[in-house]
Amino acid sequence: MGDLQVVGGIKKLNNNNYKTWETCMKSYLQGQDLWEVVGGSKTTPQEEDVKGTLRKWKIKAGKAMFALKTTIEEEMLEQIRDENTPKEAWDTFVMLFSKKNDTRLQLLENELLSISQRDMTIAQYFHKVKSICWEITELDPQSVIPEARMKRIIIHGLRPEYRSFVTALQGWPVQPSLVEFENLLANQEAMAKQMGGITLKSEEEALYTSKSRRNFKSPSKEGYKNADKGKSQQGTSQPWRSQ
């Protein structure tokens with residue numbers, strides 16, 4: 001009963017979680033001393049001897065096959081219904097999903113090359129890119145996509161209003177991490193919304209505005225007095241007409 005509960009803790013194999021299932025299942029079989037009849041040194045039936053070697057092998061093979069069949073979805077069960085040993089069942093899944101993985105990888109890589117922000121928010125866009133990269137890595141551990149490449153992909157697909165801001169960031173001596181980059185863009189997005197959807201200012205426009213504000217000086221009280229005095233004199237200095 002305890003074994004059934006442990007096996008039941010593994011999420012059943014379906015068309016989308018083979019790598020996770022494979023890792024968990026292999027660990028379980030190793031922990032139960034069953035891996036040797038699946039992918040180890042005793043994958044084929046042993047000859048019977050006085051020690052009951054064949055009987056012991058059949059017991060282990062039966063337990064391993066049961067574990068495999070109870071941790072897969074019903075449509076997956078059809079793929080191994082006619083297999084006689086746990087190794088045959090295991091190898092069937094390896095072959096089946098290696099083909100599916102190649103097709104899925106190609107689709108994901110094509111999607112990554114053509115992805116763009118469009119109407120997604122910054123948070124949604126970053127999540128989409130990172131999800132694709134993580135799935136590629138899960139399907140093919142040798143195809144790990146580093147943060148630097150993720151940033152290039154994200155920058156390439158950003159909406160035009162972020163280009164000047166990104167250009168300014170690229171001039172920083174220390175480049176922000178992927179998380180920091182997302183936060184900076186999210187702040188720009190929030191600021192644009194607060195301004196009523198106005199297009200984001202370029203870095204040069206922002207600097208010019210800031211400089212203009214610093215240089216602007218309000219007239220002094222003396223200035224206002226002189227201006228009022230000038231207006232008063234101008235209004236009273238009319239030439240006298242002869243009577």
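**Figure 1. Salt bridge between Asp91 and Lys87 in helix α5 of the predicted model.** Asp91 pairs with Lys87 in a salt bridge, with 3.1 Å between the closest N and O atoms; the term stands for a side-chain nitrogen of Lys or Arg within 4 Å of a carboxyl oxygen of Asp or Glu. Both residues belong to helix α5 (residues 86-114) and are 4 residues apart, about one turn of the helix. Helices (H or I, at least four residues) and strands (E, at least two) are DSSP runs, numbered from the N terminus. Asp91 is partly exposed because its relative accessibility is 33%, and Lys87 is partly exposed with a relative accessible area of 30%. Here buried means under 20% relative accessible area, exposed over 50%, and partly exposed in between (1.4 Å probe, protein chains only). The model is predicted: local features need pLDDT of at least 70, side-chain atom pairs count only at pLDDT 80 or more, and totals for chains, interfaces and linings use all residues. Residues are numbered from 1 along each chain as its sequence is written, and side-chain values use heavy atoms, with hydrogens and water left out.

**Figure 2. Salt bridge between Lys130 and Glu182.** The closest N and O atoms of Lys130 and Glu182 are 3.3 Å apart. This pair links distant parts of the chain, with Lys130 in helix α6 (residues 122-139) and Glu182 in helix α9 (residues 178-194), 52 residues apart. Both Lys130 and Glu182 are buried.

**Figure 3. Salt-bridge network of Asp33, Glu36 and Lys60.** The side chains of Lys60 and Glu36 form a salt bridge at 2.6 Å, N to O. The pair links distant parts of the chain: Lys60 is in helix α3 (residues 53-69), and Glu36 is in the loop between α2 (18-31) and α3, 24 residues apart. Asp33 belongs to the network with Glu36 and Lys60. Lys60 is partly exposed because its relative accessible area is 21%.

Figure 4. Apart from its neighbours within four places in sequence, Lys60 is in contact (heavy atoms within 4.5 Å) with Asp33, Leu34, Glu36 and Val37. The C-alpha atoms of Lys60 and Leu34 are separated by 6.1 Å, and the two residues are 26 residues apart along the chain.

**Figure 5. Positive phi at Asp33 and Arg118.** Asp33 is not a glycine, yet has a positive phi of about 60 degrees. Asp33 is in the loop between α2 and α3 and is partly exposed, with a relative accessible area of 45%. Arg118, also not a glycine, has a positive phi of about 50 degrees. Arg118 is in the loop between α5 and α6 and is exposed, with a relative accessible area of 63%.

**Figure 6. Surface patch of positive charge.** Lys42, Lys51, Arg55 and Lys56 make up the patch, and Lys56 is in helix α3. Patches are made of residues with over 30% relative accessible area and no salt bridge; like charges are joined within 9 Å. Lys and Arg count as positive and Asp and Glu as negative, whereas His and the chain ends are not counted. A charge is placed at NZ of Lys, CZ of Arg, CG of Asp or CD of Glu. Accessible areas come from the Shrake-Rupley method with a 1.4 Å probe; for residues, only the protein chains shown count as cover.

Methods:
Patches are made of residues with over 30% relative accessible area and no salt bridge: like charges are joined within 9 Å, nonpolar side chains (Val, Leu, Ile, Met, Phe, Trp, Tyr) within 5 Å.
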